[in-house]
Amino acid sequence: MTAIPQPRKSPRQLRSQHTVDTILQATARVLAAHGYAGTNTNLIAETAGVSVGSLYQYFPNKNALIAALHDRHDNQMLDVIDDVLNGNPAATLRERVGAIVQAMLHAHLLEPALHRVLEREFPLFDQPREHSRADQDIHRRMRHLLELHRAEIAQSDRDLATYVVLRIMESLVHAAALEPPAGFTPKQLEGAVVDAVMGYLGAPAAAAPRKTAKTPRATSPVKKAKPPRA
């Protein structure tokens, strides 16, 4: 397995956190505009308005910055789910799934060039799910959401359902952001993703009642016509 580049240290003070956020925002802009080959720490520091020395305090190289962008994305998706769970308590499952998909798609469409670089060129810099705290938290939140609405879904294995729902959302949202089909609005794509999730979760349609074969009525034997008299 490819080793994931790690930051040198994590910011502790509010000012340091702001500096790291600024550096990551600059990394996103530079990477989206210039690609990997045209991105370097000097350009990132200049775009962020910090010294290269300040950047190196936290990140040893641009690969560590790309890995940090993957982490930032995962945490953004976690915030999306938290906002939905902490929102309207009377919302239906479809409304909550719709809110999550809408926010996820909106976040990806804000920086499509960045996500294209991250997902196509550097997926190996994304932490494996079993090692990513954000991914584990996302799984727990979605599992909790399905448990809250267990009466609305047909899937009895909600651990498996959580996995499938997250993969449906992730795959379709990434596809819609990276390779949007021509002729469809974001709203239409959003609705299609929600339909896919709900189609998997929803109760199966009631089976049509079987028609019992009718026993054929006994019929009297057909009497042969008598030949006419001569």
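Which side chains meet in a salt bridge at 2.2 Å, N to O? Those of aspartate 137 and arginine 140. A salt bridge here is a side-chain nitrogen of Lys or Arg within 4 Å of a carboxyl oxygen of Asp or Glu.

Some ground rules. This is a predicted model, so local features need pLDDT of at least 70 and side-chain atom pairs count only at pLDDT 80 or more, while totals for chains, interfaces and linings use all residues. Residues are numbered from 1 along each chain as its sequence is written, and side-chain values use heavy atoms, with hydrogens and water left out.

Back to that pair. Aspartate 137 and arginine 140 are three residues apart in helix α7, residues 133-148, which puts about one helical turn between them. Helices are DSSP runs of H or I, at least four residues, numbered from the N terminus. Aspartate 137 is buried, at 15% relative accessibility, and arginine 140 is partly exposed, at 48%. Buried means under 20% relative accessible area, exposed over 50%, partly exposed in between, with a 1.4 Å probe and protein chains only.

Next, helix α9, residues 186-201: glutamate 190 and lysine 187 are again about one helical turn apart. Their salt bridge is 3.6 Å, N to O. Glutamate 190 is buried at 12%; lysine 187 is exposed at 54%.

The count comes to nine salt bridges. Arg143, Glu147, Arg150, Arg158 and Asp159 are linked in a network of them. Within that network, glutamate 147 meets arginine 150 at 3.5 Å.

Last, the rings. The charged end of lysine 62 sits over the ring of tyrosine 36, 3.8 Å from its centre; the rule is NZ of Lys or CZ of Arg within 6 Å of the ring centre and within 35 degrees of the ring normal.

Notes. Helix = DSSP H or I, 4+ residues; strand = E, 2+ residues; numbered from the N terminus.
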